Amino acid sequence: MPAKSKTKVIPRSSVAVEDYLERILELINTKGYARVVDIAQSLKISQASVTNMVQRMDADGLLKYERYRGMVLTASGEALAKSITRRHSILTEFFRLFGLDEELIYLDVEGMEHHISPPTLNAIESLTAQLRKQPALLARVKQ
Ligand code: CA
């Protein structure tokens, strides 16, 4: 058995829930609202599946859903949505330093964003800041 880690393991939401929250927040920020039909379109999932998931997330206290009025995120839903959005942008900015293909970055980040822990994310964030401040170092790293 490996030694017990001192890092507290925070219970994580599922990948699907995080992707829904990320998309709902994005829709609310760009359109002012998020409807089942918009989420279905943007995630390429049937409206019936989206309705099921949204009802489950309502039961879990992540959002308030009303059939004809769409949905609003609760405080905890919004906090989780902002955290996943932050993970996505920190990882994206890091890989952009290396001039990697945008589509590749997107695909990799979409996977990594669900699994990265806060300490690792913070390490990447500060590494990004340092590399930005030191173009010569960045150039060496990129070689
Ligand atoms: Ca995502």
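View 1. About 570 Å² of area is buried between domain 1 and domain 2, and carbon and sulfur atoms give 44% of it. Buried area here is the accessible area (1.4 Å probe) that two parts lose on being put together, summed over both. Please keep in mind that this is a predicted model, in which local features need pLDDT of at least 70 and side-chain atom pairs count only at pLDDT 80 or more, while totals for chains, interfaces and linings use all residues. Residues are numbered from 1 along each chain as its sequence is written, and side-chain values use heavy atoms, with hydrogens and water left out. Domain 1 spans 15-78 and domain 2 spans 84-142; these bounds come from an automatic or database domain assignment. Taken over C-alpha atoms, the two domain centres lie 27 Å apart. Six residues of domain 1 touch nine residues of domain 2, a contact being heavy atoms within 4.5 Å.

**View 2. Glu18 and Arg87 form a salt bridge.** The closest N and O atoms of Glu18 and Arg87 are 3.4 Å apart. A salt bridge is a side-chain nitrogen of Lys or Arg within 4 Å of a carboxyl oxygen of Asp or Glu. By this rule, one salt bridge is found across the interface of domain 1 and domain 2, and a search of the whole structure finds seven. Between the two domains, four residue pairs (both at pLDDT 80 or more) are in polar contact. A polar contact is a pair of N or O atoms within 3.5 Å; within protein, one must be able to donate a hydrogen and the other to accept it, and residues adjacent in sequence count only if both atoms are side-chain atoms.

**View 3. Here is the largest nonpolar core, with 21 residues.** A nonpolar core is a set of buried Ala, Val, Leu, Ile, Met, Phe, Trp, Tyr and Cys residues joined through side-chain atoms within 4.5 Å. Buried means under 20% relative accessible area, exposed over 50%, and partly exposed in between (1.4 Å probe, protein chains only). Ile24, Ile39, Met57, Leu63 and Met71 have the most contacts inside this core. Two or more core residues come from each of helix H1 (15-31), helix H2 (36-43), helix H3 (47-59), strand E1 (63-66) and strand E2 (70-73). Helices (H or I, at least four residues) and strands (E, at least two) are DSSP runs, numbered from the N terminus. H1 gives the most to the core, with six residues. Beyond its neighbours within four places in sequence, Met71 has contacts that include Ile24, Ile28, Ile39, Val54 and Leu63.

**View 4. Helix H2 carries a set of buried residues.** Val36, Asp38, Ile39, Ala40 and Leu43 are the buried residues of H2. Just after H2, Lys44 takes a positive phi of about 55°.

**View 5. Lys31, Arg35 and Asp38 are linked in a salt-bridge network.** Asp38 and Lys31 join through their side chains, at 3.1 Å from N to O. Is Asp38 buried or exposed? Asp38 counts as buried, at 7% relative accessibility, whereas Lys31 is partly exposed, with a relative accessible area of 38%.

**View 6. Arg86 and Glu125 pair through their side chains in a salt bridge.** The N to O distance for Arg86 and Glu125 is 3.0 Å. Arg86 sits in helix H4 (residues 75-96) and Glu125 in helix H6 (residues 118-133), so the pair ties together parts that are 39 residues apart in sequence. Arg86 is partly exposed, with a relative accessible area of 38%, and Glu125 is partly exposed at 35%.

**View 7. Arg96 and Glu102 also meet in a salt bridge.** Their side chains come to 2.8 Å, N to O. Arg96 is partly exposed at 46% relative accessible area, and Glu102 is partly exposed at 42%.
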